[in-house]
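I opened my notebook to jot down what I looked up in this one. Have the model on screen and follow along.

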Amino acid sequence: MDLKEAAQAWREDGFVILPGFIPHDELKPAAGELDLLFPSAEGFHDSTDPRRERFIGDQFAGIDYFPFASTEISLLTVNHRILALAETLLEDDGFQISGAEAWAKYAGASDYDQDLHRDYLGHTLLVPSTAPGFRQLEMFVYLADVPEEFGPAHLVSRRHTVDLPAVPDRYLRPGLESKSRFHDGSGSPHLYGAQVPAAGPAGTVVAFEIGTVHRGTAMTAPRGARYTMHVNFRPSGVHWGQRRGWAYSAAQENWFKFVERATPRQLQVFGFPPPGHPYWTPETLAGMALRYPGLDLTPWRRSG
(Lines give C-alpha, C1' and ligand atoms only; values in the text may rest on other atoms or scores of the structure.)
Protein backbone atom coordinates (compact mmCIF):
# COMPACT_ATOMS: atom_id res chain seq x y z
CA MET A 1 0.00 0.00 0.00
CA ASP A 2 1.46 3.39 -1.00
CA LEU A 3 0.90 6.57 1.00
CA LYS A 4 -1.99 7.76 -1.18
CA GLU A 5 -3.82 4.46 -0.68
CA ALA A 6 -3.07 4.64 3.05
CA ALA A 7 -4.55 8.14 3.20
CA GLN A 8 -7.71 7.03 1.44
CA ALA A 9 -8.18 4.11 3.85
CA TRP A 10 -7.53 6.40 6.83
CA ARG A 11 -10.13 8.90 5.61
CA GLU A 12 -12.75 6.25 4.90
CA ASP A 13 -12.24 3.88 7.84
CA GLY A 14 -10.56 6.10 10.42
CA PHE A 15 -7.53 3.78 10.43
CA VAL A 16 -5.04 1.99 8.20
CA ILE A 17 -2.83 -1.01 9.00
CA LEU A 18 0.59 -1.03 7.31
CA PRO A 19 2.39 -4.37 7.91
CA GLY A 20 6.18 -4.08 8.06
CA PHE A 21 6.08 -0.37 7.18
CA ILE A 22 9.43 0.26 8.91
CA PRO A 23 12.06 -1.97 7.21
CA HIS A 24 14.19 -4.29 9.32
CA ASP A 25 17.41 -2.31 8.86
CA GLU A 26 15.75 0.91 10.09
CA LEU A 27 14.03 -0.83 13.01
CA LYS A 28 17.05 -2.85 14.16
CA PRO A 29 18.94 -0.11 16.09
CA ALA A 30 15.85 0.65 18.20
CA ALA A 31 14.91 -3.00 18.71
CA GLY A 32 18.49 -3.66 19.80
CA GLU A 33 18.10 -1.22 22.71
CA LEU A 34 14.79 -2.47 24.10
CA ASP A 35 16.62 -3.82 27.13
CA LEU A 36 17.43 -0.23 28.17
CA LEU A 37 13.70 0.25 28.78
CA PHE A 38 12.17 -3.15 29.46
CA PRO A 39 12.90 -6.71 30.61
CA SER A 40 13.16 -9.37 27.93
CA ALA A 41 10.48 -12.05 27.83
CA GLU A 42 12.89 -14.43 29.56
CA GLY A 43 13.92 -11.84 32.15
CA PHE A 44 10.32 -11.18 33.05
CA HIS A 45 8.92 -14.71 33.02
CA ASP A 46 11.95 -16.28 34.72
CA SER A 47 11.99 -13.50 37.35
CA THR A 48 15.65 -12.73 36.64
CA ASP A 49 15.17 -9.04 35.80
CA PRO A 50 14.83 -6.82 38.91
CA ARG A 51 12.48 -4.47 36.99
CA ARG A 52 9.85 -7.21 36.74
CA GLU A 53 7.59 -6.10 39.62
CA ARG A 54 6.87 -2.74 38.02
CA PHE A 55 4.81 -4.37 35.26
CA ILE A 56 2.50 -6.48 37.43
CA GLY A 57 -1.12 -5.62 38.19
CA ASP A 58 -1.67 -2.54 36.01
CA GLN A 59 -2.03 -2.74 32.23
CA PHE A 60 -0.54 0.75 31.88
CA ALA A 61 2.47 0.14 34.14
CA GLY A 62 4.59 -0.83 31.12
CA ILE A 63 4.54 2.67 29.61
CA ASP A 64 7.72 4.78 29.32
CA TYR A 65 7.46 8.38 28.11
CA PHE A 66 9.58 10.26 25.57
CA PRO A 67 12.50 11.01 25.73
CA PHE A 68 13.48 7.38 26.24
CA ALA A 69 16.53 5.86 27.88
CA SER A 70 17.31 4.54 24.39
CA THR A 71 18.21 7.35 21.99
CA GLU A 72 17.65 4.95 19.09
CA ILE A 73 14.03 4.40 20.17
CA SER A 74 13.59 8.17 20.57
CA LEU A 75 14.90 8.69 17.02
CA LEU A 76 12.58 5.97 15.68
CA THR A 77 9.68 8.11 16.90
CA VAL A 78 10.56 10.60 14.13
CA ASN A 79 11.78 8.10 11.53
CA HIS A 80 11.50 9.63 8.06
CA ARG A 81 8.83 7.11 7.03
CA ILE A 82 6.71 7.91 10.06
CA LEU A 83 6.98 11.64 9.37
CA ALA A 84 6.12 11.15 5.69
CA LEU A 85 3.07 9.09 6.68
CA ALA A 86 1.94 11.70 9.20
CA GLU A 87 2.35 14.53 6.67
CA THR A 88 0.36 12.62 4.07
CA LEU A 89 -2.49 11.65 6.41
CA LEU A 90 -2.77 15.07 8.04
CA GLU A 91 -2.20 16.97 4.76
CA ASP A 92 -0.04 19.41 6.70
CA ASP A 93 3.73 19.88 6.47
CA GLY A 94 3.78 21.88 9.71
CA PHE A 95 2.26 19.15 11.89
CA GLN A 96 3.54 18.63 15.44
CA ILE A 97 4.19 15.55 17.58
CA SER A 98 1.95 15.75 20.64
CA GLY A 99 2.95 12.61 22.52
CA ALA A 100 5.18 9.54 22.36
CA GLU A 101 5.25 6.46 24.57
CA ALA A 102 6.96 3.06 24.50
CA TRP A 103 4.92 0.22 25.96
CA ALA A 104 5.81 -3.28 27.12
CA LYS A 105 3.20 -5.91 27.98
CA TYR A 106 3.85 -9.38 29.41
CA ALA A 107 1.54 -12.37 29.43
CA GLY A 108 0.11 -12.85 32.90
CA ALA A 109 1.31 -9.49 34.23
CA SER A 110 -2.10 -7.83 33.96
CA ASP A 111 -5.44 -8.04 32.20
CA TYR A 112 -4.85 -6.22 28.91
CA ASP A 113 -8.29 -6.96 27.44
CA GLN A 114 -9.92 -3.56 27.02
CA ASP A 115 -13.40 -2.32 26.21
CA LEU A 116 -13.90 -0.61 22.87
CA HIS A 117 -13.23 3.09 23.27
CA ARG A 118 -12.07 6.31 21.65
CA ASP A 119 -8.92 8.05 22.85
CA TYR A 120 -9.98 11.64 22.42
CA LEU A 121 -10.43 12.46 26.13
CA GLY A 122 -6.67 12.25 26.62
CA HIS A 123 -5.71 13.95 23.35
CA THR A 124 -7.81 17.08 22.98
CA LEU A 125 -9.62 19.66 25.07
CA LEU A 126 -12.48 19.50 22.57
CA VAL A 127 -13.93 16.57 20.57
CA PRO A 128 -12.69 14.77 17.44
CA SER A 129 -13.25 16.36 14.04
CA THR A 130 -13.09 14.62 10.67
CA ALA A 131 -12.80 17.92 8.78
CA PRO A 132 -9.52 18.38 6.86
CA GLY A 133 -7.02 20.33 8.93
CA PHE A 134 -8.50 19.23 12.26
CA ARG A 135 -7.98 15.46 12.33
CA GLN A 136 -5.55 14.21 14.98
CA LEU A 137 -3.43 11.14 14.34
CA GLU A 138 -2.25 8.27 16.51
CA MET A 139 0.18 5.53 15.48
CA PHE A 140 1.07 2.18 17.01
CA VAL A 141 4.57 1.14 15.89
CA TYR A 142 5.49 -2.51 16.47
CA LEU A 143 9.05 -2.87 17.77
CA ALA A 144 8.74 -6.67 17.57
CA ASP A 145 6.25 -9.12 16.05
CA VAL A 146 2.68 -8.77 17.39
CA PRO A 147 0.67 -11.83 16.34
CA GLU A 148 -2.93 -12.17 17.49
CA GLU A 149 -1.98 -14.07 20.65
CA PHE A 150 0.21 -11.10 21.69
CA GLY A 151 -2.79 -8.78 22.09
CA PRO A 152 -2.80 -6.42 19.10
CA ALA A 153 -5.28 -3.60 18.81
CA HIS A 154 -8.66 -4.29 17.27
CA LEU A 155 -10.29 -1.38 15.42
CA VAL A 156 -13.76 -0.58 14.11
CA SER A 157 -14.25 1.19 10.78
CA ARG A 158 -15.90 4.58 10.74
CA ARG A 159 -18.48 3.00 8.45
CA HIS A 160 -19.94 1.45 11.63
CA THR A 161 -19.45 4.43 13.94
CA VAL A 162 -20.17 7.53 11.85
CA ASP A 163 -23.41 8.24 13.73
CA LEU A 164 -22.04 7.76 17.25
CA PRO A 165 -22.34 10.86 19.47
CA ALA A 166 -19.27 12.39 21.13
CA VAL A 167 -20.37 10.97 24.51
CA PRO A 168 -20.08 8.18 25.59
CA ASP A 169 -16.54 7.37 24.51
CA ARG A 170 -16.31 3.83 25.96
CA TYR A 171 -18.45 0.82 25.00
CA LEU A 172 -18.37 -1.79 27.74
CA ARG A 173 -18.29 -5.51 27.04
CA PRO A 174 -21.46 -7.48 27.84
CA GLY A 175 -22.08 -7.91 31.57
CA LEU A 176 -20.11 -4.84 32.66
CA GLU A 177 -21.88 -1.91 34.29
CA SER A 178 -20.92 1.70 34.89
CA LYS A 179 -22.76 4.80 36.02
CA SER A 180 -20.41 7.15 34.14
CA ARG A 181 -22.02 9.15 31.34
CA PHE A 182 -18.90 8.40 29.30
CA HIS A 183 -19.65 4.64 29.37
CA ASP A 184 -22.19 2.71 27.29
CA GLY A 185 -23.20 -0.50 29.09
CA SER A 186 -25.37 -1.96 26.32
CA GLY A 187 -22.74 -4.51 25.24
CA SER A 188 -22.58 -2.86 21.78
CA PRO A 189 -22.77 -6.10 19.72
CA HIS A 190 -22.76 -4.12 16.45
CA LEU A 191 -19.35 -2.69 17.36
CA TYR A 192 -17.73 -5.80 18.82
CA GLY A 193 -18.89 -7.77 15.78
CA ALA A 194 -17.17 -5.31 13.43
CA GLN A 195 -13.67 -5.39 14.96
CA VAL A 196 -10.67 -5.66 12.62
CA PRO A 197 -7.49 -7.19 14.19
CA ALA A 198 -4.23 -5.33 13.66
CA ALA A 199 -1.76 -8.20 14.13
CA GLY A 200 1.48 -7.73 12.22
CA PRO A 201 5.24 -8.28 12.03
CA ALA A 202 7.89 -6.04 13.54
CA GLY A 203 7.87 -2.65 11.83
CA THR A 204 4.09 -2.60 11.36
CA VAL A 205 2.42 0.79 11.79
CA VAL A 206 -1.26 1.16 12.70
CA ALA A 207 -2.42 4.73 12.04
CA PHE A 208 -5.79 5.89 13.36
CA GLU A 209 -7.72 9.00 14.35
CA ILE A 210 -8.41 9.98 17.96
CA GLY A 211 -12.09 9.34 17.29
CA THR A 212 -11.61 5.80 15.97
CA VAL A 213 -13.21 3.10 18.11
CA HIS A 214 -10.63 0.48 19.09
CA ARG A 215 -9.32 -1.60 21.99
CA GLY A 216 -6.33 -3.53 23.24
CA THR A 217 -6.82 -7.29 23.47
CA ALA A 218 -5.67 -9.99 25.86
CA MET A 219 -2.22 -11.55 25.68
CA THR A 220 -2.79 -15.31 25.49
CA ALA A 221 0.66 -16.56 24.39
CA PRO A 222 2.48 -18.33 27.26
CA ARG A 223 5.61 -16.35 28.21
CA GLY A 224 4.66 -13.68 25.67
CA ALA A 225 6.09 -10.15 25.58
CA ARG A 226 4.86 -7.30 23.39
CA TYR A 227 6.87 -4.14 22.61
CA THR A 228 5.30 -1.17 20.82
CA MET A 229 5.41 2.60 20.54
CA HIS A 230 2.41 4.93 20.63
CA VAL A 231 3.06 8.19 18.76
CA ASN A 232 0.59 11.08 18.47
CA PHE A 233 0.45 13.94 15.95
CA ARG A 234 -1.68 17.05 15.50
CA PRO A 235 -2.05 19.46 12.59
CA SER A 236 -0.24 22.78 12.99
CA GLY A 237 -3.45 24.69 13.74
CA VAL A 238 -4.86 22.32 16.36
CA HIS A 239 -3.49 24.05 19.45
CA TRP A 240 -6.11 22.34 21.64
CA GLY A 241 -4.74 18.90 20.78
CA GLN A 242 -1.93 18.53 23.31
CA ARG A 243 -1.03 15.28 25.06
CA ARG A 244 2.44 16.19 26.37
CA GLY A 245 4.24 19.51 26.85
CA TRP A 246 7.79 19.00 25.60
CA ALA A 247 9.40 21.83 27.54
CA TYR A 248 8.53 19.90 30.69
CA SER A 249 10.83 17.07 29.53
CA ALA A 250 13.56 19.23 28.03
CA ALA A 251 15.80 19.29 31.11
CA GLN A 252 16.28 15.50 31.04
CA GLU A 253 19.59 14.04 29.94
CA ASN A 254 17.77 11.75 27.51
CA TRP A 255 16.31 14.84 25.81
CA PHE A 256 19.77 16.29 25.19
CA LYS A 257 20.98 13.01 23.74
CA PHE A 258 18.04 12.94 21.34
CA VAL A 259 18.27 16.59 20.27
CA GLU A 260 21.98 16.35 19.54
CA ARG A 261 21.39 13.49 17.08
CA ALA A 262 18.15 14.65 15.50
CA THR A 263 17.81 16.49 12.18
CA PRO A 264 16.21 19.94 11.82
CA ARG A 265 13.11 18.26 10.32
CA GLN A 266 12.84 15.88 13.28
CA LEU A 267 13.21 18.72 15.75
CA GLN A 268 10.66 20.82 13.90
CA VAL A 269 7.86 18.41 14.79
CA PHE A 270 8.66 19.02 18.47
CA GLY A 271 8.31 22.78 17.98
CA PHE A 272 11.83 23.90 17.00
CA PRO A 273 11.52 26.69 14.39
CA PRO A 274 12.85 25.51 11.01
CA PRO A 275 15.96 27.01 9.40
CA GLY A 276 15.07 30.37 7.91
CA HIS A 277 12.58 31.25 10.66
CA PRO A 278 13.01 34.81 12.06
CA TYR A 279 13.56 33.35 15.51
CA TRP A 280 17.09 32.41 14.48
CA THR A 281 19.31 35.41 15.26
CA PRO A 282 22.90 35.69 16.49
CA GLU A 283 21.49 35.98 20.00
CA THR A 284 19.36 32.83 19.90
CA LEU A 285 22.01 30.81 18.05
CA ALA A 286 24.58 31.71 20.70
CA GLY A 287 22.17 30.66 23.42
CA MET A 288 21.38 27.38 21.68
CA ALA A 289 25.09 26.60 21.40
CA LEU A 290 25.29 26.87 25.18
CA ARG A 291 22.14 24.87 25.90
CA TYR A 292 22.88 22.12 23.34
CA PRO A 293 26.68 22.03 22.93
CA GLY A 294 26.52 18.80 20.90
CA LEU A 295 23.95 20.08 18.37
CA ASP A 296 25.32 21.08 14.97
CA LEU A 297 23.70 24.48 14.39
CA THR A 298 25.05 24.83 10.83
CA PRO A 299 21.62 24.43 9.12
CA TRP A 300 20.15 27.27 11.21
CA ARG A 301 23.23 29.51 10.84
CA ARG A 302 23.22 29.13 7.06
CA SER A 303 19.66 30.36 6.88
CA GLY A 304 20.28 33.36 9.14
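For elements I used DSSP runs, numbered from the N terminus: helices are H or I with at least four residues, strands are E with at least two. This is a predicted model, and local features need pLDDT of at least 70, side-chain atom pairs count only at pLDDT 80 or more, and totals for chains, interfaces and linings use all residues. Residues are numbered from 1 along each chain as its sequence is written, and side-chain values use heavy atoms, with hydrogens and water left out.

I looked up the bond from valine 167 to proline 168 and noted it as cis, with omega near 10°. Proline 168 sits in the loop between strand E6 (154-155) and strand E7 (170-171). I noted another cis bond from phenylalanine 66 to proline 67, with omega near 0°. Here the loop runs between strand E2 (63-65) and helix H4 (71-77).

Next I checked phi. Serine 188 has a positive value, near 45°, and is not a glycine; I found serine 188 in the loop between strand E8 (183-184) and helix H6 (189-192). Is serine 188 buried or exposed? My cut-offs are under 20% relative accessible area for buried, over 50% for exposed, and partly exposed in between (1.4 Å probe, protein chains only). Serine 188 has 1% relative accessibility, so I logged it as buried.

Arginine 223, also not a glycine, has a positive phi of about 60°. I placed arginine 223 in the loop between strand E11 (214-215) and strand E12 (225-234), and its relative accessible area of 44% makes it partly exposed.

**Entry: strand E10**

I then turned to E10 (residues 205-209), where five of the five residues are buried, so the strand is largely enclosed by the rest of the structure. In a regular strand the side chains alternate between the two faces of the sheet. On one side of E10 I listed Val205, Ala207 and Glu209, on the other Val206 and Phe208, all buried.

For partners, I counted two strands as paired if DSSP finds at least two bridges between them. Strand E1 (residues 15-18) runs antiparallel to E10 with four bridges, and isoleucine 17 faces valine 206. Strand E5 (residues 137-142) is also antiparallel to E10, with five bridges; there glutamate 138 has phenylalanine 208 as its bridge partner.

**Entry: helix H9**

In H9 (residues 282-291) I found Thr284, Leu285 and Met288 buried. They cover an arc of only 100° around the axis, taken from the directions from the helix axis to the C-beta atoms, which puts them on the same side of H9. On the other side, Pro282, Glu283 and Leu290 are exposed.

**Entry: the largest pocket**

My pocket is an open set of points on a 1 Å grid over the protein atoms alone, where a 1.4 Å probe fits, with protein on both sides within 12 Å along at least five of seven lines; lining residues have an atom within 4 Å of a point. The largest pocket is lined by 30 residues, with Phe60, Trp103, Gln114, His117 and Asp119 nearest its centre. E2, strand E3 (96-106), E5, E11 and E12 each give two or more residues to this lining. Which element gives the most? I noted E3, with three residues.
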